[in-house]
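Hi everyone, thanks for coming. Let me put a structure on the screen, and then I'll talk you through a few places in it.

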Amino acid sequence: MEINLSFGGGTAEEQGGDHTQAAGSLRRWLVAEPELRGQARVAGKAGEGHMGDALEVVNVVLANSIALGSLVTAVVAWRGSRARAPQVRLERNGVVVTVQDSSPETVERILAMWNGSAASGGDAE
């Protein structure tokens, strides 16, 4: 299962700083997350239409669907650790969700949305 994480909604300054730095920070956070060790392959890639090696998208390939909850929880925890947390966009199978806060309800909402979309084939944001 592949998940792409990016930073959306407004300029980098409005989102709490440079997206390249945020993507690198999030990638390092996910690599260090004990719950994802052995369950996820984490990589970074340049955003579409960008030159050079500026990391703008974090790509995560999960070994199984059980690790999905751990990934979403880790992203929410990373946001909560930042003074000016950017919105994080998570995309799975064409379904995009945006993490705008660090509440436990956010994790539940994302998992419910993705599980509902997987069952019905629908899209949501």
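First, some ground rules. This is a predicted model, in which local features need pLDDT of at least 70 and side-chain atom pairs count only at pLDDT 80 or more, while totals for chains, interfaces and linings use all residues. Residues are numbered from 1 along each chain as its sequence is written, and side-chain values use heavy atoms, with hydrogens and water left out.

So what does the chain contain? There are 3 helices and 5 strands; helices here are DSSP runs of H or I with at least four residues, strands are runs of E with at least two, and both are numbered from the N terminus. Starting at the N terminus, the order is β-α-β-β-α-β-β-α. The chain has 125 residues, and 42% of them count as buried, where buried is under 20% relative accessible area, exposed is over 50%, and partly exposed is in between, using a 1.4 Å probe and protein chains only. Among contacts (heavy atoms within 4.5 Å) with a separation of 6 or more, 57% join residues 24 or more positions apart.

How confident is the predictor? pLDDT is its confidence in each residue, from 0 to 100. The chain's mean is 80, with 77% of residues at 70 or more. Confidence is highest in β1, at 93, and lowest in helix α3, residues 104-120, at a mean of 78. Please be careful with residues 10-16, where pLDDT stays under 50 and the model has 14 contacts beyond four places in sequence. Residues 49-53 are also below 50, with 2 contacts in the model beyond near neighbours in sequence.

Now the helix pair. Two packed helices are described by the angle between their axes and the distance between the axes. Here, α1 (residues 19-32) and α2 (residues 66-80) have axes that come within 10 Å and cross at roughly 130°. The axes are lines fitted to C-alpha atoms over the stretch in contact, and the angles run from 0 to 180 degrees between N-to-C directions. That makes α1 oblique to α2; under 35 degrees would be roughly parallel, over 145 roughly antiparallel, 65 to 115 roughly perpendicular, and the rest is oblique.

Which residues meet there? From α1 we have A22, S25, L26, W29 and L30, and from α2 L71, A74, V75, A77 and W78.

On to single residues. V99 sits in strand β5 and is buried, at 1% relative accessibility. Leaving out residues up to four places away in sequence, V99 touches V75, V76, R79, P86, Q87, V88, L90, T106 and I110. Take R79: V99 is 20 residues from R79 in sequence, and their C-alpha atoms are 8.5 Å apart.

S6, in strand β1 (residues 2-6), is buried too, with a relative accessible area of 19%. Beyond its neighbours within four places in sequence, S6 contacts E56, V57, Q87, V88 and R89.

And N93: buried or exposed? At 68% relative accessibility, N93 is exposed. N93 lies in the loop between β4 (88-92) and β5 (95-99), and has a positive phi of about 50° although it is not a glycine. Its C-alpha atom is 7.9 Å from that of I3, 90 residues away along the chain.

Notes. pLDDT is the predictor's confidence in each residue, from 0 to 100.
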